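Here are a few notes to go with the model you asked me to look over. Have the view open while you read.

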Amino acid sequence: MCVIGESRFASRSLPQEGVSYEVRRYDGAKYASVSSEGRTFDQVTGELVRKLLVYIGGSNDQGDAMGTTAPVIITVYPRDDGVMSRRLVVSLRIPTNYQVSPPVPIDSAIRIEDRPGMTVYSLQFGGFAGETEYRAEASRLTKTLGETAPFQRKQYFCCTYDPPMKPYGRRNEVWFLQEEP
């Protein structure tokens, strides 16, 4: 798998919490995205990821198997109580060779988005992750950053770098989008 390009990153650790996180800067790029409303994170993410994998695997107007990228990025919108709303967007970065002119998806539910660059606070964790695990890690990152850190609280990103069949050494992350000054 190809990992999306990071232009700058720095590790930060708060010793009193024992939690390490990174601050990363990602360049703008095109992403293939598909969204859902009405079903829970655990009910729908596998289905949406499969749609994107079929697209990059050749279900596009050029019939090109573009290769895979990582991570799968799931944008979630938490309610005030921390529970995820039933709205989410699953995205994959279009591989570099196709950034200028991405193939058009056959599935009309998939859209190509041009996303601006972003800076994120990233907290990494292992294992198989679903809504419960991502919510717990998001809570941990929120506590670590504190109430005054400049990040968006209306959405965050749940990322996974590994295919479902990988049983050990899995890498997941929670990303909070830093608000630019």
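Which element gives the most to the lining of the largest pocket? That is point 1, after a word on ground rules. This is a predicted model, with local features needing pLDDT of at least 70 and side-chain atom pairs counting only at pLDDT 80 or more, while totals for chains, interfaces and linings use all residues. Residues are numbered from 1 along each chain as its sequence is written, and side-chain values use heavy atoms, with hydrogens and water left out.

1. The answer is α1 (41-56), which puts 7 residues into that lining. Helices are DSSP runs of H or I with at least four residues, strands are E runs of at least two, and both are numbered from the N terminus. Along with α1, β5 (69-70) and β6 each supply at least two lining residues.

2. The largest pocket holds about 530 Å³ of space. On a 1 Å grid over the protein atoms alone, a pocket is an open set of points with protein on both sides within 12 Å along at least five of seven lines; a cavity is a set where a 1.4 Å probe fits but cannot get out; lining residues have an atom within 4 Å of a point. Points are joined across faces, edges and corners, and a volume is the space filled by probe spheres set on them.

3. Of the 27 residues lining the largest pocket, V49, T160, D162, P164 and R170 lie nearest its centre. By class, the lining has 16 nonpolar, 7 polar and 4 charged residues (nonpolar: Ala, Val, Leu, Ile, Met, Phe, Trp, Tyr, Cys and Pro; charged: Asp, Glu, Lys and Arg; polar: the others, Gly among them).

4. Now look at β6 (residues 72-78), where 6 of the 7 residues are buried (under 20% relative accessible area with a 1.4 Å probe, protein chains only). β6 runs antiparallel to β10 (residues 156-160), joined by 5 bridges, and I73 stands opposite C159 there. Another 5 bridges join β6 to β7 (residues 84-93), also antiparallel, with V90 as the partner of I74. Strands count as paired if DSSP finds at least two bridges between them.

5. β6 and β7 make a hairpin with 5 residues between them, and G82 in the turn has a positive phi of about 90°.

6. The second largest pocket has a volume of about 370 Å³.

Definitions and conventions: Buried means under 20% relative accessible area, exposed over 50%, partly exposed in between (1.4 Å probe, protein chains only).
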